Amino acid sequence: MSGAVAHRPIAPDPAPLGGRAAAGLAVACGVLYFLAFPGIDLWPLSFVALAPLLVAMHGQTPRRAAWLGWLAGFTMTMIGFYWLLELLETFSGFPTALCLLFTAILCGYQAGRIAFFGWLHARLSRRGYPGGLAFAVGFAVSEQAFPLLFPWSYASTVHQVPALNQLAELSGPILVALPLVAANIAVAELVLARRAKTTPRWRLIGALLALPVLSALYGAVRIPMVDARTAAAKKGRVGMVQANMSLTGKRLHRGEGMRRHLAGSHALTSRSKIDLLLWSETSVMSSMLEEEVETVVPDRFAASLGVPTLFGAVIVKNVDDARRYILYNSALLTNQSGRVVGRFDKQRLVMFSESMPFGETFPILYEWSPNSGKFVPGTRYDPLTFGEHQVATIICYEDIIPGFVNRIVNNGDPDLIANLTNDAWFGDTTEPWIHLASSTLRAVEHRRFFVRSTNSGVSAIIDPVGRVVVHTDTFKEEAIDGEIAWLRGKTVYEVLGDIPWWLLSLVAVGFAFTSPRKPGQQSAPARESEPPHESEPPSGREADSAVTDPDEEFRGKSRRWFAASSK
């Protein structure tokens, strides 16, 4: 065959974008991600927010894709976590410029998740996997495997759309997010086809867009089923007291904090029959020696409440090392008479502010850094029991770690999940609302009511399909109550947990580190000792195949060469 054969690409395959254009799309992804996320809550953008990043990373090297991912992540976190700067300015005492530097360093690390996402996407694409599949796998693995100081999930963008959240009972927030990712891939396919000047792959695009529709249909089926089960279950009433004490006020005016909690509690019990009261994390600021807890709590306040109460406290234990004493950030449960019947100690501590990394192993570190927190993590995962009920109890940001909550729920048979927290550190910003939104899927994952009691907001009751039934405002002293159902049972997520995603992570990362398949490499290539004869042009059918399918052209040339050699 004489002359060059014009090839039409089977799928959109435009050249990689240049530096400025790709970087601009990465920044656009970060901005759209922020706008879709809780706090701004433009949730429909979750269907398109990631598409600019996929277009930007198409055809890029792994290193460049990682850079583009990092740029998108850094943009999102610097805008979305703006409250970190205010936090550092308020409590560190450092000048604004230095606080901005520390914020940028922290956000730079958080952006590493999206950088890992981009790198894995590019590695898998180079190994021969379709770009959309590589994008979805890279997304899932980065959400599961990359460690974050402030965890978040893309699924939180649709926290206010219960129909799209119900897949959480099967495999947690990643499964909720993947149909959203599929819609983004469909949008990117249209853009790439336009750039390549080819016909879009409509069947693929239709299949991708069908996934969020199927997710919504699953939700539409499951929500009435769960509501019916909730309606038939035994009911209870839970009250929450939000004292709204400032961080310094909690320490300097401990009596005022106790007065507010008692006043709110008595107001609740005087107007309703309360089955369980909740106070926030460290709501009882006066620390107690571990050996005195059982006598101090009833005498100080609990016996006067006359209602089972779950509250936060600081417990002190003396030790014989450089620390001299250690602290526990604890949740204590009292029965109707005020006796302590359960205790849970926070396990996921905030580094430096609550604990010194490796401080238990090397206590001398506390001599070098005397201002670091001396809290130590708890070791038990048992739900707290009062009467016939069990409460899976978590403290602070533990409620946004799905695997951790799942472990506690599986360690007993709780019929309620409760969180005690204090978000006053972050001021009147979007952070308390982000925290609430990021935690609501725990109710769906376990099909139980989930209650949150906070110091300054947002306290809330979330039902088993993820709807916020009642909530407080931020930075207001309030006492609210609401009806719950005592629910037990197993979900698929409770049984499997994050095992499927860890397995996917291992497989995907393993493939990423194997040798990539070279472009155009055949599984069993024919060897040519000389160029094929060009005196015999291919038939019309062969010519059409050569135009539409490069592999068929290669096989046609091979057949003609062997035919000529045998003459």
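Student: Is Cys 29 buried or exposed?
Tutor: This is a predicted model, where local features need pLDDT of at least 70, side-chain atom pairs count only at pLDDT 80 or more, and totals for chains, interfaces and linings use all residues. Residues are numbered from 1 along each chain as its sequence is written, and side-chain values use heavy atoms, leaving out hydrogens and water. The cut-offs are under 20% relative accessible area for buried, over 50% for exposed and in between for partly exposed, with a 1.4 Å probe and protein chains only. Cys 29 has 2% relative accessibility, so it counts as buried.

Student: And how many disulfides are there?
Tutor: A disulfide is taken here as a pair of cysteine sulfur atoms within 2.5 Å. Cys 99, at 0% relative accessibility, is another buried cysteine. By the sulfur rule, the number of disulfides is 0.

Student: How many helices and strands does the chain have?
Tutor: Both are DSSP runs numbered from the N terminus: helices are H or I with at least four residues, strands are E with at least two. The chain has 567 residues, and 53% of them are buried. Its elements come to 20 helices and 13 strands.

Student: What covers the buried residues of α1?
Tutor: Helix α1 spans residues 19-36 and reaches 26 Å from its first C-alpha to its last, close to the expected 26 Å; that expected span is 1.5 Å times one less than the number of residues. Its buried residues are Ala 22, Ala 23, Ala 26, Cys 29, Gly 30, Tyr 33, Phe 34 and Ala 36. Their cover includes α2 (51-57), α3 and α7 (131-145).

Student: Which residues does Leu 53 touch?
Tutor: Contact means heavy atoms within 4.5 Å. Residues up to four places away in sequence are not counted for Leu 53. That leaves Leu 25, Ala 26, Cys 29, Leu 68, Gly 69, Ala 72, Ile 114 and Phe 117.

Student: In which sense do strands β11 and β12 pair?
Tutor: Two strands pair if DSSP finds at least two bridges between them. In the hairpin of β11 and β12, 5 residues lie between the strands, and Gly 466 takes a positive phi near 90°. Ile 462 stands opposite Val 468 in β12. Over 3 bridges, the sense of pairing is antiparallel.

Student: Which helix holds both Glu 256 and Arg 260?
Tutor: Glu 256 and Arg 260 form a salt bridge, with their closest N and O atoms 2.9 Å apart. They are 4 residues apart, about one turn of the helix, and both lie in α11.

Student: How many salt bridges does the whole structure have?
Tutor: One of them pairs Arg 467 with Asp 463 at 2.7 Å between the closest N and O atoms. Shared partners also join Asp 413, Asp 415, Arg 448, Arg 488, Lys 490 and Glu 494 into one network. A search of the whole structure gives a total of 24.

Key. A salt bridge is a side-chain nitrogen of Lys or Arg within 4 Å of a carboxyl oxygen of Asp or Glu.
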